[in-house]
Protein chains: 2
Amino acid sequence: MTFNLVKTDGAARRGRLVTPHGIVETPAFMPVGTRGTVRSLGPDDLAAAGSQIVLANTYHLFMRPGAAVVRELGGLHRFMAWPGPILTDSGGFQVWSLSKLAVVDDEGVRFRSPVDGSLHALTPEISIDVQHALGADVIHPLDEFLAHPATREDIERSLERTLRWARRSQVAHARGPGGQALFGIVQGGAYADVRARAARETVALGFDGYAIGGMAVGEPKPIMYELTATVASLLPAGQPRYLMGVGKPEDLVESVARGIDLFDCVLPTRNARNGQCFTWDGALTIKQARYERDPAPLDAECGCYACRHFSRAYLRHLYMADELLAYRLLSLHNVSFFHGLMTAMRAAVDAGAFAPFRARFFARYAVSSEFVSREHISSAEA
Amino acid sequence: MTFNLVKTDGAARRGRLVTPHGIVETPAFMPVGTRGTVRSLGPDDLAAAGSQIVLANTYHLFMRPGAAVVRELGGLHRFMAWPGPILTDSGGFQVWSLSKLAVVDDEGVRFRSPVDGSLHALTPEISIDVQHALGADVIHPLDEFLAHPATREDIERSLERTLRWARRSQVAHARGPGGQALFGIVQGGAYADVRARAARETVALGFDGYAIGGMAVGEPKPIMYELTATVASLLPAGQPRYLMGVGKPEDLVESVARGIDLFDCVLPTRNARNGQCFTWDGALTIKQARYERDPAPLDAECGCYACRHFSRAYLRHLYMADELLAYRLLSLHNVSFFHGLMTAMRAAVDAGAFAPFRARFFARYAVSSEFVSREHISSAEA
């Protein structure tokens, strides 16, 4: 994997990530294919929506159908018929958020499968082995995650463990088949100085790129933005930066402004299933009675399949009747919107005009007051 | 609408139905788009699967979103973004099967909406008015349907009512916008002589085509085939014949052999949602453990999107994980299979080789012993 920093505009960056399965123009948004499928969308839909790279959850695939099955079927790209780049997380966050019986010690995590109640262990070595079997282009070391708020003492102790696990993951990764990039994960909770130390020590270990983990988990949004800026400023300019689990459209804009290259979030697909559709004016809720006879598309500026063919009235009808096509069409639109937003940001950085883009975006986009925490999203998605 | 009988081979027929929205090569299968959407499939999927004409249920669209909304949004073709031919039924069968509180008299049916409990009436005139608003290429008169088994006396009394309603429907249709074909519906229960009288009297009224209703509702399959042959033999050769709500692949073959041109059934989509997939060897149940590591496509001879890209192992994984993509891919495959079966039958009739085709089909296709009644299907679909 190589990363070329093409252009900067303030802290905003325009880059190009070259992976064994294709190129990712950054900043980029990754739709979340939790179980090896972006919920309700096929690979044909993802390609049409403009997806360049897809995230899959190691934890979910580890539980079902299992790493051995995916390896036997030719790896995750072939299994899910997505020929482009794939990124997997380490599974740590999901163990924490989905397995009520998780027991963490220095070795790793023991937990019960929510699928069948069976007992499992996830260690740094097992996580890397599973991710080798899955074969994603970008993989991650197991990290420890503490719920917000946590004490400084707990966060510092947890950071030490995450760093030890990072070193063990590097050793395990060195035994792998090669061709997969390993990103380090910067933790540190809501303490700026711990975040800074986490960034420096993770960078000192040396990874192919850097993820910022444990964000958007309930901390106030100004603090999330500030921590993002702090960490990003300490990461090497020539390597990609990935803000895990973020976020809402306004978060993407604010985080690109602070130097982030990659994002993932279940928001466009999960909210589609709840009837929320994103537009350049803000989000709309398709189930509202005002759309019953509305002949307009979801977003007149959107070129997605849903907007080219269907009225809000029809989409509302499908949604109210609980028709499965509603979930596909609304998800397709939302993912297209998120990619369109990233495309617009890339063009703005290319043109050296990110600041006016950002101003125009916020002048028009109605930011929802609802704060979406990562914790809430992940529970709902599982 | 015009119908050209292109070729016959025994009782099997090759025809071409020319409608205002396109041509239907017959014999043809119509997927069921109950609420203005074939469950889990988009118009893009239907086109890719080879659908020529889609059925929509007047009853469901009458209940939600209502005829006025569909008309205001430009009619059903535009509403559901299906530019090809559409056929609507009269709503009579669904009132009977879905509205527990239905009260039938000579005027029509009064019933409560399962959506919101509101009171509605469906008369021959209202059904035609609603179908005019929807704007399908082929529409149907309200008919009365009696559950099987019914006494000869009840069936004969019911037939008289259906014939009276057919005449009222013709009068109502004459006031319509034009451009829509009206098919007559032949009822008559499981009594061959009543069916024959129903066929003769319906033909005497003069319609653009003829539907055979009240079949596959629990009567033994040999009787259904025999009644189909009896009725078909009494219908005009130069007009299309539609066997409503049928059926399984073997029923399609047996009914084409008896002179039927058009079919509809929820089977390919409903059974897909239950994990049943059709192949030339018979049906398979994707949830079986034997498919857990099976790298083969559902059907090696199928060229559908699901079979071109995904293994049985992946489709099983999606199905077991309750992923929405499973329903789309399995439905897409099943509808493609049904259309492929019709394509093969058309080619066989074209080649004057329907009998050997039929023999080869049954030599290979494992007919399931499960008898699928229309009644059961319709309840499940609703």
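Select B:Arg35 and A:Glu323 to begin: their side chains meet in a salt bridge, with 3.2 Å from N to O. A salt bridge here is a side-chain nitrogen of Lys or Arg within 4 Å of a carboxyl oxygen of Asp or Glu. The rule finds ten salt bridges across the interface of chain A and chain B.

This is a predicted model, in which local features need pLDDT of at least 70 and side-chain atom pairs count only at pLDDT 80 or more, while totals for chains, interfaces and linings use all residues; side-chain values use heavy atoms, with hydrogens and water left out. Residues are numbered from 1 along each chain as its sequence is written, and chains are lettered from A and ligands numbered from 1 in the order in which they are written.

**The interface**

Next, display both chains together. In contact across the interface are 40 residues of chain A and 40 residues of chain B, where contact means heavy atoms within 4.5 Å. The area buried between the two chains is about 3300 Å², and carbon and sulfur atoms give 59% of that area. Buried area is the accessible area (1.4 Å probe) that two parts lose on being put together, summed over both. Select A:Arg293, A:His317 and A:Leu324, which supply 18% of the area that chain A buries against chain B, more than any other three residues.

Polar contacts may be shown next: the rule finds 18 residue pairs in polar contact across the interface of chain A and chain B, both residues being at pLDDT 80 or more. A polar contact is a pair of N or O atoms within 3.5 Å; within protein, one must be able to donate a hydrogen and the other to accept it, and residues adjacent in sequence count only if both atoms are side-chain atoms.

Which elements give two or more residues to the side of chain A that touches chain B? They are helices H1 (43-49), H3 (67-72), H12 (305-309), H13 (312-320) and H14 (324-350) of chain A. Helices (H or I, at least four residues) and strands (E, at least two) are DSSP runs, numbered from the N terminus. H13(A) provides the largest share of that side, five residues. By residue type, the side of chain A that touches chain B divides into 21 nonpolar, seven polar and twelve charged residues. Ala, Val, Leu, Ile, Met, Phe, Trp, Tyr, Cys and Pro count as nonpolar, Asp, Glu, Lys and Arg as charged, and the others, Gly among them, as polar.

**The axis**

Two copies of a chain are related by a rotation about an axis and a shift along it. Here a rotation of 180° with 0.0 Å of shift along its axis superposes chain A on chain B, with an RMSD of 0.0 Å. That is the relation of a two-fold axis. Copies are superposed by least squares on the C-alpha atoms of residues with pLDDT of at least 70 in both. To locate the axis, select A:Leu324, whose C-alpha, at 3.7 Å, comes closest to it of the residues of chain A. The copies meet through the same surface, because 100% of the interface residues of chain A are also interface residues in chain B.

**An enclosed helix**

Now select residues 249-256 of chain A, helix H10. Eight of its eight residues are buried, so H10 is largely enclosed by the rest of the structure. Buried means under 20% relative accessible area, exposed over 50%, and partly exposed in between (1.4 Å probe, protein chains only). Among the buried residues of H10(A) are A:Pro249, A:Glu250 and A:Asp251.

**Two buried residues of chain B**

Move to B:Thr279, in strand E15 (residues 276-279) of chain B. At 6% relative accessibility, B:Thr279 counts as buried. A polar atom of its side chain lies 3.0 Å from the backbone nitrogen of B:Asp281, and the side chain of B:Thr279 reaches the backbone oxygen of B:Gly282 at 2.8 Å.

Then select B:Met224 in helix H9 (residues 221-233) of chain B, which is buried at 1% relative accessibility. Not counting residues up to four places away in sequence, B:Met224 touches B:Met215, B:Ala216, B:Glu219, B:Val246 and B:Asp251.

**Backbone stops**

Most residues other than glycine have a negative phi, and most peptide bonds are trans. At B:Ala216, phi is near 55°, a positive value. B:Ala216 lies in the loop between strand E12 (209-212) and H9 of chain B.

Finally, select B:Arg64 and B:Pro65, joined by a cis peptide bond with omega of about 10°. A cis peptide bond also joins B:Val246 and B:Gly247, with omega of about 5°.
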